[in-house]
Amino acid sequence: MDRIPARLDQAPLDALRQAVGGRWVLTDPDQLRTYECDGLTGWRAVPLAVVLPSSTEEVVQVVRICRRSHVPFVARGSGTGLSGGALPVEDGIVIGLSRMREILRLDLDNERVVVQPGVPNLEVSRAVAPYGYLYAPDPSSQRVCSIGGNVAENSGGAHCLKYGFTTNHVVALTLVTPEGEVAHLGSAVPDSPGYDLLGVVVGSEGTLGIVTEVTLRVLPVPQRVQTLLAAFPSTDAAGEAVAEIIAAGVLPAAIEMMDRATIEAVEFAMHAGYPDCGAALLVELDGPQSECEALFGQVVEICRGCGASEVRVAEDEAERALLWKGRRGAFSAMGRVSPDYYVQDGVVPRSQLARVLAGIRELEGRHGLKVANVFHAGDGNLHPLILYDRRSPEGPDRAKRLAEDILTLCLEAGGSLTGEHGVGRDKVCQMPKLFSPDDQMVMHRLRRAFDPEGTANPGKVLPTPRLCGEHPGIYRPHPLELSGAAQRL
Amino acid sequence: MTSLEADLEALLGRDSVTPADGRAGPTPAPTARPRSAEALAEVLALANSRRLAVLVRGGGTKWGWGRAPGRCDLVVETTALNRLLEHEPGDLTCVAEAGLTLGELQRLVASAPGHHQRLMLDPPQGGDATLGGVVATAASGPLRARYGTPRDLLLGARFALADGTLARTGGKVVKNVAGYDLGKLLTGSQGTLAVIVEVALRLHPVPPASCWVVAERLDPQTAQAALAALRRAPAVLSMAELLWPEGRLLARLDGAPSACEQQAEIVRALVPGGRLAGERETDELVRMIERRPWDGEGPVLGISVPVNRIGELLALAAVGGPVAHLSLRGTVGAGEARLQAGADPAQFAARVADLGGFVSWHRGGDRDSPPLQPLDPVAARLALSVKRALDPHSTLAPGRGPV
């Protein structure tokens with residue numbers, strides 16, 4: 001971008017109003033503040049305007065106006081992202097996709113559903129449930145978060161251990177390129193010709209264009225789901241059980257671990273009836289009844305063999321919901337026991353779990369802050385919650401340093417910067433810890449192939465010297481989180 | 001000796017350069033066989049600076065896939081990059097150099113004490129295919145029904161651009177959203193964007209037991225209806241191969257012995273004429289699946305259709321039609337067809353396109369013509385723009401692949 005306007009000139013503003021209708025262009029400062037951050041509230045910026053198009057054609061017009069006027073744009077779904085991927089650019093506009101929330105077609109003979117990007121994740125499963133299907137990716141914010149946002153961040157969820165991530169379930173999409181053209185990538189039918197551009201666009205955090213239509217793969221609902229909660233004396237013992245379950249060739253739908261600090265918070269806040277123990281594992285198996293039952297017995301035995309003092313098996317859907325209740329409510333429970341917390345999203349190879357958890361305990365001591373661990377153990381995706389008090393003089397800084405040290409620990413163990421929250425703005429300056437200048441240069445070249453002018457979500461994913469002198473603010477809970485509609489994991 | 005050969009020998013040593021021969025195309029080209037990723041990158045940089053056209057070759061088992069390259073001045077072979085770098089059984093992942101063959105990888109990962117794992121890919125001529133080649137051609141086989149294709153199992157990659165830049169994408173953990181997923185872009189790019197030098201892959205445990213269900217002389221509509229029922233049945237199919245024109249369905253179920261048997265019974269009941277295959281029969285079934293449709297003359301096409309139109313595709317493959325043999329992953333709607341020697345591939349491609357499907361070259365046929373089905377024009381422009389961004393001088397396999 002050569003020229004960046006300090007405010008939106010009258011001409012592009014008029015053009016935007018003409019493109020989408022005056023009432024769908026927001027410029028009132030109070031309204032704009034609603035859009036100043038996503039679920040990662042430490043980063044805030046007020047955009048010049050928010051535009052709410054209702055169709056692919058309108059998105060095309062808006063993007064073309066941006067391009068002509070050299071105005072950067074940031075696409076936004078429901079704003080539940082946790083990496084600042086939808087953080088506005090101060091000299092740009094936000095293109096909100098929330099009006100595009102129709103489920104366009106069900107083609108269940110081919111196990112496909114076509115949706116607009118603003119459709120909430122859970123709505124897809126609801127729409128196909130009467131026919132015996134589900135949409136597998138299930139981020140914790142699934143009641144609110146949009147499919148478009150899921151595509152941008154390649155969202156996961158507790159059940160992606162078995163079923164994979166958004167990228168494994170999106171088969172085609174319509175992309176409005178940063179140059180304002182409409183590309184159809186992928187196909188409802190497998191093996192479409194050409195480069196797998198679809199695979200690059202999924203997870204590109206809105207930097208390669210705006211997705212305006214998505215074709216999803218849905219799956220038949222499994223015949224049987226079985227869930228257990230096992231109480232272990234320590235995270236080491238629970239980690240050993242995870243390793244043995246995987247080594248035995250069992251691929252559960254989900255394996256979630258909670259440490260003592262998490263269990264205590266959950267009990268204090270919501271009385272989920274969890275056992276008093278050093279670590280709890282929540283294991284869920286699904287599939288054909290025959291397979292499920294054969295493997296479930298094996299999992300129970302492994303847990304007992306690894307020192308589980310208690311194994312609770314859900315006998316029905318109500319009991320299953322109860323076992324999940326504590327896990328699902330863990331983050332909000334943390335708000336009841338600590339004034340503030342910061343959530344990290346790191347990944348380690350499964351075999352390094354015990355080592356990294358021990359490392360985190362050591363860091364707790366060194367930084368003088370408590371860390372609660374609740375995470376997707378099956379795929380090594382850690383969500384350490386760093387508990388601090390922003391009113392204490394060094395609290396926020398210490399929390400930030402501890403969070404960074406945990407990430408370094410993950411990378412040293414051969415892991416990754418982010419398992420499901422994305423790089424966004426939050427981790428853009430940490431990218432060099434994982435990727436060499438050459439790695440980043442190749443990504444940059446790819447980005448410019450889609451977006452030669454650099455108008456699509458600038459400042460996200462790839463670091464620039466200008467960006468990385470700045471520091472994020474401290475964590476403040478998102479309104480959605482406070483209302484209990486969404487959680488941060 | 002040409003000056004190119006002399007320069008390559010100076011770079012790599014005499015043992016790593018084969019003088020020009022004609023196997024890569026109409027004009028003879030030498031073959032360089034670098035022993036490290038760094039040396040391979042240097043070879044590419046040299047070729048790039050001289051504006052030479054480079055074809056990358058692994059095991060050579062998919063040499064005939066895709067469109068024919070326009071020209072070739074140098075073949076770069078990856079087969080000397082053949083080490084398994086990491087295998088952590090507890091993580092169900094491995095990292096290997098791109099020239100390691102799939103057969104060798106399977107042998108190595110199966111031998112880890114206390115674990116019995118494998119890479120769940122079974123592409124045609126898989127034993128001799130290299131990992132880099134399997135990824136670059138997005139090749140898969142019957143196991144795709146359950147485990148997907150290379151795109152689903154590739155966790156990360158190291159690759160060399162034409163200008164000699166070595167870079168990485170992804171990582172070696174199963175869950176990772178840091179940066180663009182260039183692994184997806186390289187998968188199926190047929191050596192036109194970069195040369196893959198290292199891959200990180202997801203492994204799976206080898207299931208303790210397998211059961212087979214077989215049906216014969218199915219007609220197209222019955223087969224489609226049976227597959228529709230199977231897709232919704234409480235049974236996880238590892239394979240569901242339709243072999244045509246003889247009307248055969250071969251379904252495999254894997255897992256704990258009791259679970260396997262129960263699911264096989266469910267499958268058997270849903271397929272007209274279905275029966276459980278005896279243990280002695282299974283080797284023969286596996287061989288049959290491997291041979292088909294490659295044995296025999298005639299061009300072979302990769303083929304895919306919507307699953308609710310499988311019946312119409314099977315009807316196209318009736319005796320006396322253009323198709324000699326069809327192998328189709330019945331729950332996915334993708335597979336291969338070998339055409340009769342005299343059949344017109346373009347006409348057949350048009351019939352498949354009418355069903356909403358796609359075809360691509362795997363062996364023989366008119367590989368010099370434009371793609372059998374046109375791409376979306378804007379997607380094609382983006383693809384060209386990506387090609388130019390990564391390989392501005394079109395050093396890598398010019399004319400091959402999708403653009």
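User: How many residue pairs are in polar contact across the interface of domain 2 of chain A and domain 3 of chain A?

Analyst: A polar contact is a pair of N or O atoms within 3.5 Å; within protein, one must be able to donate a hydrogen and the other to accept it, and residues adjacent in sequence count only if both atoms are side-chain atoms. Here the rule finds three such residue pairs, both residues at pLDDT 80 or more. This is a predicted model: local features need pLDDT of at least 70, side-chain atom pairs count only at pLDDT 80 or more, and totals for chains, interfaces and linings use all residues. Residues are numbered from 1 along each chain as its sequence is written, chains are lettered from A in the order written, and side-chain values use heavy atoms, without hydrogens and water.

User: Which residue forms a salt bridge with A:Asp286?

Analyst: A salt bridge is a side-chain nitrogen of Lys or Arg within 4 Å of a carboxyl oxygen of Asp or Glu. The partner is A:Lys162, with the closest N and O atoms 2.8 Å apart.

User: What area do domain 2 of chain A and domain 3 of chain A bury between them?

Analyst: The size of an interface is often given as the accessible area lost when the parts come together. The area is taken with a 1.4 Å probe and summed over both parts. These two domains bury about 750 Å², 51% of it on carbon and sulfur atoms. On the domain 2 side, A:His159, A:Leu161 and A:Lys162 supply 68% of the buried area, more than any other three residues.
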